[in-house]
Amino acid sequence: MSYPSKKRADILLTRGMILPLAKGPAPIHPGALAIVGDRIAALGPQEAVEKEYEAAQVIDEGGALIMPGLVNGHNHAAMTCYRGMADDLPLMEWLSQYIFPAEAKSDGNQVYWGTLLACAEMIRSGTTTFCDMYLFEDRVADAAKEAGMRALVGEVLYDFPSPHYGPIDKGIEFTEKLIRRWQGDSLIRVAVEPHALYTCSPGLLVRCRDLAEGYGVPWVIHLAETRSEVEEVSRKYGRRPVDHMESLGLLSSNLIACHCVWLTESEMDLLARRGVRVVHNPESNMKLASGVAPVPDLLKRGVVVGLGTDGCASNNNLDLFQEMDCAAKVHKVHRLDPTVMPAEVVLEMATLGGARVLGMEKEIGSLEVGKKADVVVVDLERPHLQPVYNVVSQLVYAAGGADVRDVIIDGKIVMKDRHLLTLNEKEILTQVRQIKKNILQRTNP
Ligand SMILES: [Zn+2]
């Protein structure tokens with residue numbers, strides 16, 4: 001008697017608790033998940049999947065949680081080099097007296113190693129995709145690709161000369177080159193990224209929008225982050241930030257707006273009506289005392305909202321588990337209402353919500369057959385994670401990035417039992433310690 005042969009998978013995760021979606025049915029336990037190439041081929045009850053699939057590499061997850069990789073919707077990855085360099089300052093003073101002068105003397109090498117450090121930190125804390133805005137963004141793309149991370153990257157553009165490309169025309173040219181260089185890549189995509197309304201003229205904003213639309217890529221901007229931005233934009237243009245963008249015809253579903261802290265009711269209506277996608281960065285907003293973004297009101301209006309850490313110099317880490325905890329709590333205390341921003345809403349922001357913001361929801365953000373295999377395994381056998389009544393609550397309120405055990409991106413294992421497989425962590429740490437010395441020498445000669 002012959003048995004029908006099983007299908008071949010490349011990787012089979014078994015004996016796990018599978019949480020396919022933040023807001024969905026109860027986890028499958030015990031469950032298994034099969035990966036073929038870069039995609040999820042099957043997931044479901046252990047027995048059913050094991051009956052159908054065999055694999056060269058079988059990983060026994062022993063009751064650990066198998067969940068979608070986290071999406072960091074807004075980052076300046078290479079700012080890891082400035083972690084802890086200047087804290088406890090208002091945004092404008094922090095930017096103009098510390099960050100911009102330090103960045104004026106940075107180079108591609110610093111950005112490359114700073115981004116690798118960020119990738120190591122992100123993978124270790126369960127992030128599989130990030131959206132980045134910075135200088136020397138070609139080096140960010142190289143670093144993310146080497147790390148095996150999924151990224152939407154874009155060179156930061158503004159009216160004044162950049163330490164990287166010089167005058168803005170060169171910045172536009174560089175962005176176009178970057179878009180063409182990475183077209184069709186499995187991991188890296190490119191966006192057009194003007195910095196903010198207080199650093200970009202209306203003319204530049206229109207150019208950026210046109211460039212993005214011409215290539216069919218999104219564009220990203222910091223928007224309505226601080227009260228002083230609202231005052232400056234109002235003084236200069238006679239309109240508040242969102243109204244200013246509307247008057248230029250720039251609000252659309254192709255726009256990713258980071259922060260959106262200072263909004264009026266009518267500005268929130270506008271963002272919803274135009275389908276603008278928003279990234280919430282609660283820890284950065286708290287640390288720089290920028291304010292509390294009206295995220296519950298945006299969600300009520302149907303605005304797509306993702307979660308981001310922002311650059312880690314204003315955070316000061318890239319751990320999205322901590323970010324989720326803050327996102328869930330800051331709105332409760334701000335509104336004196338413990339029912340706002342429940343755990344599953346926050347977890348969705350960090351997974352499928354982030355994927356929607358980046359326009360990648362057909363590929364990532366949840367565990368589904370046919371989607372890319374971006375999978376994170378969280379060890380639950382830890383004192384601070386037991387007992388488990390509700391695993392979503394555990395992830396948002398009790399877990400931390402250090403609880404992540406295995407990470408798979410695009411079907412490739414990038415961390416196994418907390419060992420990074422794509423990066424040489426020791427070399428990265430040595431390099432960034434040297435970069436810190438160089439920064440100190442340059443900024444305090
Ligand atoms: Zn930012």
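Predicted model: local features only at pLDDT ≥ 70, side-chain atom pairs only at ≥ 80, totals over all residues.
Residues are numbered from 1 along each chain as its sequence is written, and side-chain values use heavy atoms, leaving out hydrogens and water.

For comparison, four tetrahedral donors ideally make angles of 109.5 degrees.

The pair H222 and D310 links distant parts of the chain, 88 residues apart. H222 belongs to strand 11 (residues 219-223), and D310 to the loop between strand 14 (305-307) and helix 12 (320-335). Helices (H or I, at least four residues) and strands (E, at least two) are DSSP runs, numbered from the N terminus. H222 is buried, with a relative accessible area of 4%, and D310 is buried too, at 5%. Buried means under 20% relative accessible area, exposed over 50%, and partly exposed in between (1.4 Å probe, protein chains only).

## Aromatic rings

Now for the rings. Rings of Phe, Tyr and Trp (its six-membered ring) pair if their centres lie within 6.5 Å; planes under 30 degrees apart count as stacked, over 60 as edge-to-face and the rest as tilted. By this rule there are 3 aromatic pairs, including the two in this table.

| Pair | Centre to centre | Angle between planes | Type |
|---|---|---|---|
| Y112 and W113 | 5.2 Å | 75° | edge-to-face |
| Y158 and F160 | 4.1 Å | 15° | stacked |

Y112 is buried at 10% relative accessible area, and W113 is buried with a value of 10%.

R139 lies over the face of Y112, 4.5 Å from the ring centre, and the charged end of R181 sits over the ring of W182, 3.8 Å from its centre. A charge sits over a ring if NZ of Lys or CZ of Arg is within 6 Å of the ring centre and within 35 degrees of the ring normal.

## Cysteines

How many disulfides does a search of the whole structure find? The count is 0, where a disulfide is a pair of cysteine sulfur atoms within 2.5 Å. For C260, the nearest cysteine sulfur is that of C258, 7.9 Å away. C260 is buried at 0% relative accessible area. The sulfur of C326 is 15 Å from the closest cysteine sulfur, in C312, which is too far for a bond. C326 is also buried, at 19%.

## Hairpins and backbone

Strand 16 (residues 404-409) and strand 17 (residues 412-416) pair in the antiparallel sense over 3 bridges. Two strands pair if DSSP finds at least two bridges between them. I409 stands opposite K412 in strand 17. This hairpin has 2 residues between the strands, and D410 takes a positive phi near 55°.

Strand 17 also pairs with strand 18 (residues 419-420), in the antiparallel sense over 2 bridges. Here K416 stands opposite H419, and D417 takes a positive phi near 50°.

Most residues other than glycine have a negative phi, and most peptide bonds are trans. H259, in strand 12 (residues 255-259), has a positive phi near 90° and is buried at 1%. The peptide bond from H29 to P30 is cis, with omega near -5°, and P30 is placed in strand 2 (residues 28-36). Another cis peptide bond joins Q386 and P387, with omega about -5°.
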